[in-house]
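Biologist: Please pick one part of this model and go through it closely, residue by residue. Then say how the rest of the chain is arranged around it.

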Amino acid sequence: MTIKRPTFKPNVKAILASTANEKRIMDFPVDSVTRVRVFPRPGDEGEIYYRAEQHFGLKYNGRNSSLACLNAHGDGTEKCPTCEVIYALMDSGDEKLKELGKKLVINKRFYAQIRVVTYDENKVKKFSAPKIVGFTQKAANDINAALRMQEDSGDDLAVDINAGQDFMVERKGAMLATRYNVMATGKKEDLDVLLPNWADDFIHDIPKTVNLNILTRAKMVESLKASLGDVIDIDEVLGG
């Protein structure tokens with residue numbers, strides 16, 4: 001039997017583009033303190049974060065995945081079946097099922113654009129390429145508290161391009177035990193002076209970079225069946 005070989009011409013640009021988002025997503029190392037400059041989101045809304053709400057621990061395409069909550073990220077025409085299943089599990093009266101429901105509850109991340117700040121041997125400030133990080137609610141609250149205090153006192157905001165400050169991000173622990181503390185450094189610096197070309201590789205589309213798995217309701221139901229079908233009857237819970 002003769003197998004027809006597919007034609008293949010390497011395209012370096014396409015190959016690099018296929019992994020570009022992974023290189024732009026960053027996580028803070030466990031038990032570390034990282035100095036960063038936080039950027040406002042592009043546009044005129046004056047916001048910092050792109051808020052993502054996801055359900056972890058579900059199977060999709062044969063792999064454990066995080067799936068976007070349809071109530072938060074859908075088009076408004078379909079309710080999130082995972083949320084419905086969670087409600088059913090939590091109301092079941094069965095402690096094991098309630099624990100399973102807790103593992104599926106929405107995980108919120110507040111994605112923001114940052115550059116990691118370091119100093120060389122001559123104490124010259126260096127900036128990494130732009131990265132997207134997903135702050136927890138606690139970490140976002142710490143940043144918000146600093147900004148609120150600055151606004152109330154009439155001071156320049158720490159995320160201002162021309163008069164902003166770095167933040168020190170401390171991460172302790174891993175997985176569910178992860179804890180963050182975030183503090184502004186207090187030293188104002190103009191990015192246009194320190195890094196005149198900062199806008200050249202600015203990330204303009206945070207949602208696209210984060211690349212959430214936003215499924216249809218039907219596809220998410222399939223995921224629920226693959227993940228929990230041996231524990232509960234998904235169709236019965238959803239009234240199907």
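Modeller: Leaving aside neighbours within four places in sequence, F135 is in contact (heavy atoms within 4.5 Å) with F28, Y49, K108, R109, F110, A112, I114, A140, I143 and V169. The model is a predicted one, in which local features need pLDDT of at least 70 and side-chain atom pairs count only at pLDDT 80 or more, while totals for chains, interfaces and linings use all residues. Residues are numbered from 1 along each chain as its sequence is written, and side-chain values use heavy atoms, with hydrogens and water left out.

F135 and F167 have the most contacts inside the largest nonpolar core, a group of 23 residues. Two or more residues of this core come from each of β2 (32-39), β5 (107-119), β7, α5, β8 (166-172) and β9 (179-184). The largest share, five residues, is that of α5. Another core lies apart from this one and has 19 residues, including I86, L89, L224 and I232. A nonpolar core here is a set of buried Ala, Val, Leu, Ile, Met, Phe, Trp, Tyr and Cys residues joined through side-chain atoms within 4.5 Å. Buried means under 20% relative accessible area, exposed over 50% and partly exposed in between, with a 1.4 Å probe and protein chains only. In soluble globular proteins, nonpolar side chains tend to be buried together.

T136 counts as buried because its relative accessibility is 14%. A polar atom of the T136 side chain lies 3.2 Å from the backbone nitrogen of A139. Beyond its neighbours within four places in sequence, T136 is in contact with R109, F110 and Y180.

With a relative accessible area of 0%, D166 is buried. Its side chain makes a polar contact with that of R35 at 2.8 Å, and another with the side chain of K125 at 2.6 Å. A polar contact is a pair of N or O atoms within 3.5 Å; within protein, one must be able to donate a hydrogen and the other to accept it, and residues adjacent in sequence count only if both atoms are side-chain atoms. Leaving aside neighbours within four places in sequence, the contacts of D166 include V36, V117, M183 and E189.

Away from this part, the buried residues of α3 are P81, T82, C83, V85, I86 and L89. They pack against β3 (50-60), α2 (70-73), α4 (95-104), α8 and α9 (234-238). I86 and L89 belong to the core of 19 residues.

As for the whole, the protein has nine helices and nine strands, taken as DSSP runs numbered from the N terminus (helices H or I, at least four residues; strands E, at least two). Of its 240 residues, 37% count as buried. Among contacts with a separation of 6 or more, 63% join residues 24 or more positions apart. The C-alpha atoms fill a box of roughly 60 × 60 × 35 Å along the principal axes.
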